[in-house]
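Colleague: I am new to this one. Could you walk me through it?

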Amino acid sequence: MLLWPSNRWGFSCGRGADDFRELDQPFALVGTHPRCQVRLDYKRLPEVVYFIVIIGDRVQAWPLCGVAYPIWGNLKPGRQLLIGKIRVNISAQPNDAPWDHATPPPPGEAVNDVSELPSPEPETPRGILLLDWGEEIQTRKLTRSVTILGDAHPSLMRLHGVGLRDCELAIVSAGERIWAIQLNPGSISDNTPLIRELVPGGESLWVGDLHIWAGEKGRRSTRRFGGIPTPPAPPAIETAPPRISGAYPQIPASHPPAGGTAGYQPPEEHHQPTPSLDHLAGTYTDRLISITSKRASRDQMVRWAISGGLLVFALVIFAFITVRGVLPIVQAVYSD
């Protein structure tokens, strides 16, 4: 099964090289659940703590619960994930260097084909999600390669009131292709794959009360993601539409008192309503991701500037030695 382009990668939780383990998929769940690809032996941790993914030669990390000192987005080379008392070291093969780890691959067939390196650059995300919870269909454009979908923080795309967990799915987009990874392995059977590609016009992905398509609507799935049969239809009742993060609270219209309008002054209009907490959390998360990306770019520019400065300095020293040391000797030899 060929997924998005990626280089080889792996992890270690100790200081020795013998602890290194190569991953055979371009994504991994980090936690204590048996189906986590990076399994941590620490009882006080949740079942899943992080979702990590490699796209090309870049590794990204996305927290899935409240964790101290969380890391969002792209990881610097050699960066560690501090999870409780455990440090997880993640290594990936850069495009211009050989793979340093000669460990054998895990048993079984690899999910992603990384035999030919360097891998081609992944395409810019331009996928489109269609979200249907029975009231209306909404369209969401994917501008990030990874989007966490769920009901609450730390999800990046939040839908309230549609039966989702805090972090339900990881949506990976490369070009127009879209994959969904279940972030709650305990909710699906052991023989059900964690990942599924969304095909335009194909069967929907059903999680909670939500049906998801990629690009073009197709038929509705009759089984939720994980093999749970369709439950019996509940009696028809009127329910409030789901609340979506980023929406501002509506201010109800004011009416004059029943006794008349004498002396009544309508309240002042609120032209700038206060945003919801979810909207603020989403804005803050986007700001953190932006800061991390800018900081990585700035650090790379500083490294280039230092390397360029050292090169110029070396050239100046070489020119100085040549002019003041070598040339006089050559002139003295040939002048005789």
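Modeller: Here are some questions and answers on this predicted model.

Colleague: How many helices and strands are in the chain?

Modeller: The chain has both kinds of element. The count is one helix and 20 strands.

Colleague: What share of the residues counts as buried?

Modeller: Buried means under 20% relative accessible area. The chain has 336 residues. The share of them that passes as buried is 38%.

Colleague: Which residues touch the most other members of the largest nonpolar core?

Modeller: That core holds 25 residues. Strands S3, S5, S12, S14 and S15 each give two or more residues to this core. Another core, of 24 residues, lies apart from it and includes Leu45 and Ile86. In the largest core, the residues with the most contacts to other members are Trp4, Phe51, Ile148 and Ile181.

Colleague: How much of the accessible surface belongs to carbon and sulfur atoms?

Modeller: The accessible surface of the chain totals about 20600 Å². The part that belongs to carbon and sulfur atoms is 56%.

Colleague: What is the area of the nonpolar surface patch with Val333 in it?

Modeller: Val333 sits in helix H1, residues 277–335. Other members of the patch include Phe313, Ile317 and Tyr334. Together the patch residues make about 950 Å².

Colleague: Why does Val333 count as exposed?

Modeller: Exposed means over 50% relative accessible area. Val333 counts as exposed because its relative accessibility is 55%.

Colleague: Among contacts between residues at least 6 apart in sequence, what share joins residues at least 24 apart?

Modeller: Contact here means heavy atoms within 4.5 Å. For the chain, that share is 51%.

Definitions and conventions:
Residues are numbered from 1 along each chain as its sequence is written. This is a predicted model: local features need pLDDT of at least 70, side-chain atom pairs count only at pLDDT 80 or more; totals for chains, interfaces and linings use all residues. Side-chain values use heavy atoms; hydrogens and water are left out. A nonpolar core is a set of buried Ala, Val, Leu, Ile, Met, Phe, Trp, Tyr and Cys residues joined through side-chain atoms within 4.5 Å. Buried means under 20% relative accessible area, exposed over 50%, partly exposed in between (1.4 Å probe, protein chains only). Helices (H or I, at least four residues) and strands (E, at least two) are DSSP runs, numbered from the N terminus. Accessible areas come from the Shrake-Rupley method with a 1.4 Å probe; for residues, only the protein chains shown count as cover. Patches are made of residues with over 30% relative accessible area and no salt bridge: like charges are joined within 9 Å, nonpolar side chains (Val, Leu, Ile, Met, Phe, Trp, Tyr) within 5 Å. A salt bridge is a side-chain nitrogen of Lys or Arg within 4 Å of a carboxyl oxygen of Asp or Glu.
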